[in-house]
Amino acid sequence: MRLAVLASGSGSNFQALADSPLLKSAGVQICCLFCNVPGAKVIERAGRAGVPVELLSHKGFQSREDYDRAVLAKLARHKPDLIAQRIKRHATQIVAVNRDATFGWIVETRNEIDDRRFARA
């Protein structure tokens with residue numbers, strides 16, 4: 001399973017995911033880090049972990065929708081099955097991605113990490 005991580009700060013959540021033995025044992029691989037802040041510490045962490053980085057500032061886009069489309073285009077190159085992003089101080093959101101050629105990307109949100117979701121049947 002391929003996991004893309006969205007982060008923009010120090011990268012402590014990214015590091016926790018990268019170091020997680022549970023994710024590794026479940027076969028989850030971090031396929032890329034997406035960051036919107038040039039110079040964020042998380043970029044260094046991803047580099048040390050050997051994870052490719054996609055960087056795109058939100059500045060210069062006419063709308064949020066235009067920016068979101070550009071983000072999804074960058075993520076699509078890495079073919080993630082899941083996307084993780086921090087949404088609250090102590091919560092990480094996991095989204096499952098379904099790439100449907102007729103519609104684009106359909107995203108199903110999960111508001112809490114339940115480690116059993118990563119176990120293979």
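Tutor: Lys 79 counts as exposed, at 53% relative accessibility, where exposed means over 50% relative accessible area, buried means under 20% and partly exposed lies in between, with a 1.4 Å probe and protein chains only. The model is a predicted one, in which local features need pLDDT of at least 70 and side-chain atom pairs count only at pLDDT 80 or more, whereas totals for chains, interfaces and linings use all residues. Residues are numbered from 1 along each chain as its sequence is written, and side-chain values use heavy atoms, with hydrogens and water left out. Although Lys 79 is not a glycine, its phi is positive, at about 50°. Another positive phi, near 75°, belongs to Gly 50, which follows α3.

Of its 121 residues, 36% count as buried. The accessible surface of the chain is about 7600 Å², of which 50% belongs to carbon and sulfur atoms; such areas come from the Shrake-Rupley method with a 1.4 Å probe, and for residues only the protein chains shown count as cover. If contacts (heavy atoms within 4.5 Å) are taken between residues at least 6 apart in sequence, 48% of them join residues at least 24 apart.

Ile 30 touches Leu 3, Val 5, Phe 14, Leu 17, Ala 18 and Val 51, leaving aside residues up to four places away in sequence.

In α1 the buried residues are Phe 14, Gln 15, Leu 17 and Ala 18. Seen down the axis of α1, they fall within an arc of 160° and so line one face of the helix, the arc being that of the directions from the helix axis to the C-beta atoms. In α3, Val 42, Arg 45 and Ala 46 are buried, and these fall within an arc of 100° seen down the axis, so they too line one face of their helix. The face of α3 turned away from its buried side carries the exposed residues Gly 47 and Arg 48, while α1, β2 and β3 (53-55) are included in what covers the buried residues of α3. Ala 18, in helix α1, has a relative accessible area of 15%, and its C-alpha atom is separated by 8.7 Å from that of Ala 46, 28 residues apart along the chain.

Cys 31 and Cys 32 deserve a check for bonding. A disulfide here is a pair of cysteine sulfur atoms within 2.5 Å, and by this rule the count comes to zero. The sulfur of Cys 31 is 4.4 Å from the closest cysteine sulfur, that of Cys 32, which is too far for a bond. Cys 31 is buried, with a relative accessible area of 3%, and Cys 32 is buried as well, at 0% relative accessibility.

Finally, Tyr 67 of the other core brings in an aromatic partner. Rings of Phe, Tyr and Trp (its six-membered ring) pair if their centres lie within 6.5 Å, with planes under 30 degrees apart counted as stacked, over 60 as edge-to-face and the rest as tilted; a search of the whole structure finds one such pair. The rings of Phe 61 and Tyr 67 have their centres 5.2 Å apart and their planes at 75°, so the pair is edge-to-face. Tyr 67 is buried, with a relative accessible area of 7%, whereas Phe 61 counts as partly exposed, at 30% relative accessibility.

Definitions and conventions: Helix = DSSP H or I, 4+ residues; strand = E, 2+ residues; numbered from the N terminus.
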